[in-house]
Amino acid sequence: MDFRAYVFRRFLLMLIVLFGVVSITFVVSHVIPADPIGAILGPKAPDEVIEKLRHEWGLDRPLHEQFVNYVWNLLHGNLGKSIRTNRPIILDLMERFPDTIELSTASMIIAVCVGIPLGIVSACRKDKIPDHFSRVFSLFGISLPVFWSGLILLMIFYYRLNWLPSPGPYSTNLRPPPAVTGFISIDSLIVGDVGLFLNHLEHMILPAFVLGFSSMASIARMTRSSMLEVLRQDYIKAARSKGLKERAVVFKHALRNAMIPTVTIIGLNYGSLLEGAVLTETIFAWPGLGTYVTDAILYLDFQAVMSTTLLIALTYSLCNLIVDVLYAFLDPRIKYG
Amino acid sequence: MGVGAGKSFLQWLDRWKTEHEAMLDDFKYSLHLLRRSPLSMVGLILISTFLFIAVFAPFLTKYDPIEQDLSNRLQPPCSENPFGRDQLGRDIMSRVIYGSRISLRIGITVIAIAATTGTVLGVVAGYLGGRIDEIVMRITDMFLAFPSLILAMAISAALGRSLENTVVAIGMVAWPRYARLARGQTLSVKEEQFIEAVRSLGASRKRIIFSHVLPQCLPPIIVQATLNMGGIILTAAGLGFIGFGAQPPIPEWGIMISDGRNFIMREWWVSTFPGLAMLFAVLGFNLLGDGLRDVLDPRLR
């Protein structure tokens with residue numbers, strides 16, 4: 001199979017998976033015994049008002065019709081209206097998505113910058129003190145409950161030491177920049193408001209660190225084990241016996257090959273960061289998808305929940321697709337299929 | 001049981017030992033390696049402590065985890081209440097102790113459901129191949145593409161928020177990893193010569209799958225389950241924290257952390273101690289799982 005056919009096949013598989021995701025969310029949300037209309041109107045609403053609204057939302061039609069209708073609308077980019085915000089969901093999502101992407105990207109940058117060096121050190125000093133230290137550190141990372149570490153760090157760095165600002169995307173006395181891209185960092189630079197930009201970065205430090213900590217751990221772990229495997233191979237022995245310095249062997253010869261599995265892990269982790277954002281955003285009052293979906297579920301706003309889930313699953317699947325394609329591209333030994 | 005039965009049991013045991021000598025030796029060697037790894041031993045100690053606390057909870061504290069004492073609300077840690085009291089005057093230490101039971105119960109039930117379902121599906125799909133394999137693996141992919149915390153949130157919102165539904169919700173999200181792992185393992189095991197030997201002896205498909213392929217898939221599944229245990233405890237507590245899991249007044253660690261959220265700036269002890277307890281429990285499983293993986297993965301030996 002050639003490269004293009006592989007990418008095409010992979011793309012088709014992604015579509016099938018996404019269809020499955022839509023089906024699952026649909027089934028889950030329609031098994032719900034609670035009544036969304038009742039949640040909005042309250043228990044005292046007259047029956048005819050309830051009926052009218054049910055009809056308006058299409059909730060009185062048979063399930064399979066609702067499903068076909070839903071998929072049809074999705075394909076046309078129409079995600080429906082949110083029962084809670086009373087706005088088209090697509091607008092809500094477009095407003096919230098950049099904030100989550102910003103936060104996850106910042107987390108990933110921190111995770112990569114700390115995780116990869118940690119993994120390399122660990123592999124080069126296997127079973128020595130630095131290795132134990134870095135392994136304990138990364139195991140701590142995956143063992144920490146983010147909703148707890150977030151609270152504790154807030155208490156220490158904001159309340160006790162006052163080194164870092166309060167929760168929220170920027171200080172309350174500042175105004176948000178006019179939305180051009182939706183990314184506060186980019187928009188603030190567009191209007192030349194450097195103060196807001198720096199303020200925003202400052203507010204991002206804690207949530208990004210908390211969110212990135214677990215990815216940092218898995219990146220370090222993966223780098224360590226793939227480095228160990230590469231360092232044991234014959235060509236490394238050859239490079240060493242040629243008289244190369246250990247530095248050159250590690251960074252020039254081993255690292256390049258060891259990076260391939262790490263790249264995969266980075267891609268996969270980026271997808272799960274979007275999800276980890278749910279808990280982190282709740283603590284840091286971050287106005288992204290996480291807080292949006294939590295509110296939506298509390299209000300039994302099914303359409304909004306389904307749309308957010310779909311958006312996250314889509315991003316996640318796209319990350320996987322990109323990683324798979326990159327992988328096949330980077331490593332010529334891999335056969336497509 | 002008579003003497004004869006005891007004797008025949010010993011004979012059976014001897015025969016079993018000779019028949020499985022290679023496996024036993026491998027097991028002993030793994031155990032030896034594990035004992036030499038200090039991190040795994042720390043993990044084992046943490047897990048044992050956690051189990052001990054969960055089992056003997058009523059003997060370790062004199063306070064009822066649910067009983068309120070409003071006159072002593074938010075009392076700081078002291079000799080009488082080493083972890084302090086929460087916003088309803090409940091003793092936090094006894095809530096932390098009883099909370100270990102909740103987490104352990106969720107963890108064990110979820111693993112039992114998810115690992116069994118996932119492994120059986122994966123092994124069967126991998127061994128049979130063809131269309132069944134394709135269907136099972138696509139369903140697995142669908143669940144894996146799903147943001148699992150959000151799916152768990154939606155499921156527990158759908159079924160009603162309770163401890164039991166938390167188990168169902170997390171179980172539904174947790175099985176696909178096992179299916180994938182078991183399938184991958186099966187694909188390589190099924191090509192081995194001993195499987196062909198068994199097949200040529202005329203063993204049925206069911207027998208081959210369950211008595212010969214499945215046991216070979218277990219080591220990586222056990223590692224996965226150990227590492228997963230920590231993740232499940234975290235997810236369950238996360239659900240409790242945002243209000244989709246166990247409901248108050250159950251002494252669940254996630255709820256307790258959420259209780260202390262509004263007091264974190266001054267009355268720090270309300271959230272801090274349940275979080276620390278959870279950190280050590282989860283860390284224990286991760287340390288042991290990590291060590292087990294090194295021991296069972298010959299590439300890292």
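Me: Asn162(A) first. Is that residue buried or exposed?

Reply: Asn162(A) is exposed, because 9 other C-beta atoms lie within 10 Å of its own. Bear in mind that this is a predicted model.

Me: Where does Asn162(A) sit?

Reply: Asn162(A) is in the loop between α7 (146-160) and α8 (184-190) of chain A.

Me: What is its phi near?

Reply: The phi of Asn162(A) is near 60 degrees, which is positive in a residue other than glycine. Most residues other than glycine have a negative phi.

Me: What about Ala285(A), what is its phi?

Reply: Ala285(A) is not a glycine either, and its phi is positive, about 50 degrees. Ala285(A) lies in the loop between α11 (246-283) and α12 (289-298) of chain A. With 13 C-beta neighbours inside 10 Å, Ala285(A) counts as partly exposed.

Me: Peptide bonds now. Which one in the Pro248(B) to Pro249(B) stretch is cis?

Reply: The bond from Pro248(B) to Pro249(B) is cis, with omega near 5 degrees. Pro249(B) falls in the loop between α10 and α11 (253-259) of chain B. Most peptide bonds are trans.

Me: Step back to the fold. How many helices and strands in chain A?

Reply: Chain A has 13 helices and zero strands. Its C-alpha trace spans about 85 × 60 × 40 Å along the principal axes. Of its 337 residues, 39% count as buried. Among chain A contacts between residues at least 6 apart in sequence, 73% join residues at least 24 apart.

Me: How is chain A divided into domains?

Reply: Chain A is divided into domain 1 (3-75) and domain 2 (89-330). Their centres, taken over C-alpha atoms, are separated by 31 Å. The contact between them takes 17 residues from domain 1 of chain A and 15 residues from domain 2 of chain A.

Me: Which elements supply the domain 1 side?

Reply: On the side of domain 1 of chain A that touches domain 2 of chain A, α1 (3-31) and α2 (36-41) of chain A are the elements giving two or more residues. α1(A) gives the most, with 13 residues. By class, that side of domain 1 has 14 nonpolar, two polar and one charged residues.

Me: Pick a residue in α1(A). What does Val21(A) contact?

Reply: Val21(A) is in helix α1 of chain A. Leaving aside neighbours within four places in sequence, Val21(A) is in contact with Leu310(A) and Ala313(A) as well as Met142(B), Ala145(B) and Phe146(B). So the contacts of Val21(A) come from both chains, and Val21(A) is buried because 25 other C-beta atoms lie within 10 Å. Val21(A) and Thr309(A) are 288 residues apart in sequence but 8.5 Å apart in space, C-alpha to C-alpha.

Me: How many residues does each chain put into the contact?

Reply: Chain B puts in 37 residues and chain A 41 residues. On the chain B side, the elements giving two or more residues are α6 (130-145), α7 (148-159), α10 (205-241) and α12 (269-296) of chain B. The largest share, 10 residues, comes from α12(B). The chain B side divides into 26 nonpolar, six polar and five charged residues.

Me: Why is α8(B) called largely enclosed?

Reply: Because 20 of the 27 residues of α8(B) are buried.

Me: Last one, confidence. Where in chain B is it lowest?

Reply: In chain B, confidence is lowest in helix α2 (residues 21-36), at a mean of 76, and highest in helix α5 (residues 92-128), at 91. The mean pLDDT of chain B is 85, and 97% of its residues reach 70 or more. The model scores ipTM 0.82 and pTM 0.83.

Technical notes
Residues are numbered from 1 along each chain as its sequence is written. Chains are lettered from A and ligands numbered from 1 in the order in which they are written. This is a predicted model: local features need pLDDT of at least 70, side-chain atom pairs count only at pLDDT 80 or more; totals for chains, interfaces and linings use all residues. Two residues are in contact if their C-beta atoms, placed from the backbone, lie within 7 Å. Helices (H or I, at least four residues) and strands (E, at least two) are DSSP runs, numbered from the N terminus. Ala, Val, Leu, Ile, Met, Phe, Trp, Tyr, Cys and Pro count as nonpolar, Asp, Glu, Lys and Arg as charged, and the others, Gly among them, as polar. Domain bounds come from an automatic or database domain assignment. A residue is buried if 20 or more other C-beta atoms lie within 10 Å of its own, exposed if 12 or fewer, and partly exposed in between; C-beta atoms are placed from the backbone. pLDDT is the predictor's confidence in each residue, from 0 to 100.
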